[in-house]
Amino acid sequence: MEEHSAKWIIRGNKLLDETAATSIRGYLSMLYDHLDKDDQRPVVPLSHGDPSAFACFRTSPEAVDAIVHAVQSAEFNSYAPTIGILPARRAVAEYLSADLPYNLSADDIYLTVGCTQSIEVILSALARPGANILLPRPGYPLYESRASFSKLEVRHFDLIPEKGWEVDLESVEALADENTAAIVIISPGNPCGNVFSYQHLRKVAETARKLGIFVIADEVYGHIAFGSNPYVPMGEFGSIVPVLSLGSISKRWIVPGWRLGWIATCDPNGILKKYGIVDSIKSYFNISSNPATFVQAAIPQIFEKTKEDFFSKTINIMREAADICYEKTKEIPCVTCPHKPDGSMFAMVKLNLSLLEDISDDMDFCLKLAREESVTILPGVAVGLKNWLRITFSIEPQSLEQGLDRMKAFCQRHSRK
């Protein structure tokens with residue numbers, strides 16, 4: 001049959017195109033497309049948090065040995081159970097329990113393909129007709145993309161820059177209604193670099209309890225805290241409000257490509273099980289993929305054998321990089337950093353367009369910066385805050401200084417005369 005005689009009714013899913021375009025990867029693609037390929041200088045990537053490419057950020061030798069041992073044993077080449085192999089789930093439970101006032105069991109843990117799948121699983125489990133979810137602004141855009149794709153209504157509450165990016169609890173109460181499923185809290189914070197205090201997290205827990213909703217605690221940057229506030233897991237308040245804690249080995253062990261994350265039910269009162277959330281999560285795993293079995297198998301040894309000096313070295317480098325980022329941005333007249341980063345790998349800075357010529361908004365700033373200086377920075381619109389910028393400092397300190405110096409030169413070149 002000739003092709004012209006066929007009546008094709010094939011259609012792609014345009015919703016996928018729309019949600020992908022507003023993802024961090026979508027924005028990164030635009031930035032890298034605007035690089036000047038004739039510029040001989042190395043690109044300085046201040047736009048995404050993956051320090052694994054840099055020599056000063058290498059995972060622990062014990063983690064590598066654990067992976068090698070799991071592969072060479074030939075005992076972990078098979079499919080894993082849908083929620084993960086028991087030794088790995090038990091190890092994650094013990095790892096998390098060390099920071100909690102109660103003990104988790106292996107039955108409280110579900111292993112995922114990184115934290116990305118954790119988000120996908122939870123939002124899919126909550127996406128009943130008419131439901132809504134409360135997300136921080138600024139926040140991590142994957143939540144919004146996945147919620148939109150699952151037809152789960154999004155309502156944004158504000159983080160207050162002048163208060164160290166604390167949650168505006170009044171706006172949370174005003175947004176919630178009888179169809180609200182949960183609130184998302186990210187600490188240590190992406191994109192703000194904040195670490196919520198014990199007192200503030202308790203207030204969040206009490207607010208959520210008052211509203212009758214549970215907390216999704218994104219703790220993928222857990223323990224990466226180097227400021228005045230120590231890291232406190234939201235599960236600390238699990239007796240006040242049910243908590244689903246999301247984590248992974250991606251950031252603390254600097255292995256995002258290993259794709260091993262988890263969902264932990266921090267809920268000693270059993271509320272999530274009583275109201276069907278746990279069953280929905282388990283059901284979703286029956287139709288999804290699993291982390292590689294050999295990576296799961298390595299988890300007990302990774303947790304047990306990694307030495308404390310590996311973590312302290314990483315924290316010291318991050319602290320130095322955060323200091324450089326904060327001090328260097330002070331030298332750039334058109335940007336302001338309202339809060340020195342306390343954790344994670346990011347800082348948010350406000351862009352003052354009135355001091356610049358030929359720059360229309362944060363997206364225009366970032367595209368022209370990429371083109372003229374081979375420096376990539378994520379526009380604030382990507383994380384829900386227009387005319388701000390998210391700067392990643394999880395790179396070698398020398399490269400970070402170089403990138404911020406180029407940004408300063410760019411701003412001077414475009415400053416109003």
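The legends below describe close-up views of a predicted model.

**View 1. Lys251 and its surroundings in the predicted model**. UniProt, in an unreviewed entry, places the feature "modified residue: N6-(pyridoxal phosphate)lysine" at Lys251. Lys251 is located in the loop that runs between strand S8 (243–248) and strand S9 (261–266). Lys251 counts as buried because its relative accessibility is 16%, and the cut-off for buried is under 20%. With neighbours within four places in sequence set aside, the residues in contact with Lys251 are Gly49, Val220, Tyr221, Ile224 and Met345.

**View 2. The open sheet of eight strands**. The strand order is S2-S9-S8-S7-S6-S3-S4-S5, and the pairing is mixed. Strand S2 (109–112) and strand S5 (166–167) are the edge strands, each pairing on one side only. Helix H6 (residues 141–149) packs on this sheet. H6 touches strand S3 (132–137), strand S4 (153–160), strand S6 (180–186), strand S7 (214–218) and S8. The direction of H6 makes about 165° with that of S4.

**View 3. Strands S2, S9 and S8 in the sheet**. S2 and S9 run antiparallel and are joined by four bridges. In this pair, Leu111 stands opposite Trp262 of S9. S8 also pairs with S9 in the antiparallel sense, over six bridges. Here Leu246 is the residue opposite Ile263 of S9.

**View 4. Burial of the two faces of S2 and S9**. Edge strand S2 is covered on both faces. Ile109 and Leu111 are buried on one side of S2, and Tyr110 and Thr112 are buried on the other. S9 is mostly covered, with six of its six residues buried. One side of S9 carries Gly261, Ile263 and Thr265, the other Trp262, Ala264 and Cys266, and all are buried. Two of these residues were named in the pairing view: Trp262, opposite Leu111, and Ile263, opposite Leu246.

**View 5. Packing of helix H3 against helix H11**. Helix H3 (residues 61–72) packs with helix H11 (residues 293–305) at an angle of about 145°, and the axes are 8 Å apart. The crossing in which H3 passes H11 is right-handed. From H3, the contact is made by Glu62, Ala63, Asp65, Ala66, Ile67, His69, Ala70 and Val71. From H11, Phe294, Val295, Ala297, Ala298, Gln301, Ile302 and Lys305 take part. Sorted by class, the contact of H3 with H11 has ten nonpolar, two polar and three charged residues.

View 6. Pro188 is in the loop between S6 and helix H8 (198–211).

**View 7. Positive phi at Ala74 and Asn387**. Ala74 is a residue other than glycine with a positive phi, near 60°. Ala74 sits in the loop between H3 and helix H4 (86–97); H3 is the helix that packs with H11. Asn387, also a residue other than glycine, has a positive phi near 65°. Asn387 is in the loop between strand S12 (375–379) and strand S13 (388–392).

**View 8. The annotated span of residues 42–406**. The annotation "domain: Aminotransferase class I/classII large" comes from an unreviewed UniProt entry and covers residues 42–406. The end C-alpha atoms of this span lie 12 Å apart. By composition, residues 42–406 are 38% helix and 18% strand.

Notes. Residues numbered from 1 in each chain as written. Predicted model: local features only at pLDDT ≥ 70, side-chain atom pairs only at ≥ 80, totals over all residues. Heavy atoms only, no water. UniProt positions renumbered as here; feature names shortened; annotations may be inferred. Buried < 20%, exposed > 50% of the residue type's maximum accessible area, 1.4 Å probe, protein only. Contact = heavy atoms within 4.5 Å. Pairing = 2+ DSSP bridges. Axes fitted to C-alpha atoms, helices over the stretch in contact; angles between N-to-C directions. Left-handed = near helix turned anticlockwise from the far one by under 90°. Nonpolar A, V, L, I, M, F, W, Y, C, P; charged D, E, K, R; others polar.
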